[in-house]
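Subject: Structure handover

Hi,

Here is the structure I promised to pass on. Please load it before reading further.

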Amino acid sequence: MSESIHLVFNVDGNNFASAGTASEEVKSKLKMIGISSADIRRVAIAMYEGEINMVIHAGGGEAIVDIFLDRIEILLADHGKGIEDIEQAMQPGWSTAPDDIRALGFGAGMGLPNMKKYTDEFRIDSTVGVGTNVYMTIKFN
Amino acid sequence: MNIGEITQTIEGKVLCCEDRLDTEVVTCCASDMMSDVLAFYSASNGVLITGLVNPQIVRTAIMVDAVCIIIARDKKVDDTIVNLAKDNGIVVILSPYTMFETSGRLYEAGLRKSKG
Ligand SMILES: Nc1ncnc2c1ncn2[C@@H]1O[C@H](COP(=O)(O)OP(=O)(O)OP(=O)(O)O)[C@@H](O)[C@H]1O
Ligand SMILES: [Mg+2]
């Protein structure tokens, strides 16, 4: 692979059942190009948590993925309600998810901490009422 | 323990991927919180026991490289779940027991937790 691979996914905010398809596709792409399963798992989990967040907290958005020889860069961009206090949102256990989302198995307040844990670079830019951008880089070992 | 032995231990019913019952399983995680499961990401070739029935239990299993999902307490499982699991080679077993008893039986039979 001499050049990078550029992928753009539309993440549907009105379809909980389909949430995670973008992550699934990225996972199989990485498998195809021979990335190690440990690295793939880190990418898959971090991106999936972010994708779910866009669906349950932000009404959907876009996932922009660039795969290089030595790393993957993921941008999750939405135009949802934004995050007021990012430091608080990053605390394990902090969640504003309503009961119907909890009943589906999400809303433990573990997604953002997991994403940070599994990535080498992690940054959130968010403006209330405008939207949220989550940037993640994972280096391949 | 392989998936076939797991099925017997919990008197379960296999809903898909019957051809994979000889897959060896090394670890197990029981939870109704998917981000908790995702935090145990080192659990490859694991089993996920859950009381939930929505497609995200399969997606979560895919992301952590689990090979089997056990749904506790005989619930109605719709085709989207079974088809998604089938496409990804993940065995789905319906257990007649509660999550507690399903877990207990497997623990007694020697299955141990994920190293997380
Ligand atoms: N894209 C987003 N847009 C708006 N708010 C968000 C977004 N992502 C996260 N948040 C806010 O940050 C909180 C913490 O997110 P985190 O992913 O850690 O937990 P959760 O999604 O609530 O639960 P879990 O991820 O365990 O299912 C959320 O409850 C929500 O308030
Ligand atoms: Mg989350």
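This is a predicted model: local features need pLDDT of at least 70, side-chain atom pairs count only at pLDDT 80 or more; totals for chains, interfaces and linings use all residues.

**Helix pair**

Start with α1 (residues 21-32) and α2 (residues 37-58) of chain A. Their axes come within 8 Å and cross at roughly 165 degrees. Angles over 145 degrees count as roughly antiparallel, so α1(A) is roughly antiparallel to α2(A). The crossing is right-handed. On the α1(A) side, the contact includes A:V26, A:K27, A:L30 and A:K31. On the α2(A) side, A:I40, A:V43, A:M47 and A:E51 are among the partners. The contact residues split into 8 nonpolar, 2 polar and 3 charged.

**Largest pocket**

The volume is about 610 Å³ for the largest pocket. Its lining counts 32 residues. Nearest the centre are A:H57, A:I83, A:A89, A:T96 and A:L112. Two or more lining residues come from each of α2, β3 (71-78), α3 (86-89), α5 (111-118) and β5 (131-139) of chain A. α2(A) gives the most, 8 residues. By class, the lining has 15 nonpolar, 12 polar and 5 charged residues.

**Second largest pocket**

This one holds about 510 Å³ of space. It is lined by 25 residues, and A:K27, A:K31, B:I62, B:D65 and B:N88 are closest to the centre. At least two lining residues each come from α1 and α2 of chain A and from α3 (56-63) of chain B. α1(A) has the largest share, with 5 residues. The lining divides into 9 nonpolar, 8 polar and 8 charged residues.

Best wishes

Notes
Residues are numbered from 1 along each chain as its sequence is written. Chains are lettered from A and ligands numbered from 1 in the order in which they are written. Side-chain values use heavy atoms; hydrogens and water are left out. Axes are lines fitted to C-alpha atoms, for helices over the stretch in contact, and angles run from 0 to 180 degrees between N-to-C directions. Helices (H or I, at least four residues) and strands (E, at least two) are DSSP runs, numbered from the N terminus. Angles under 35 degrees count as roughly parallel, over 145 as roughly antiparallel, 65 to 115 as roughly perpendicular and the rest as oblique. A crossing is left-handed if the near helix is turned anticlockwise from the far one by less than a right angle, and right-handed if clockwise. Contact means heavy atoms within 4.5 Å. Ala, Val, Leu, Ile, Met, Phe, Trp, Tyr, Cys and Pro count as nonpolar, Asp, Glu, Lys and Arg as charged, and the others, Gly among them, as polar. On a 1 Å grid over the protein atoms alone, a cavity is a set of points where a 1.4 Å probe fits but cannot get out, and a pocket is an open set with protein on both sides within 12 Å along at least five of seven lines; lining residues have an atom within 4 Å of a point. Grid points are joined across faces, edges and corners, and a volume is the space filled by probe spheres set on the points.
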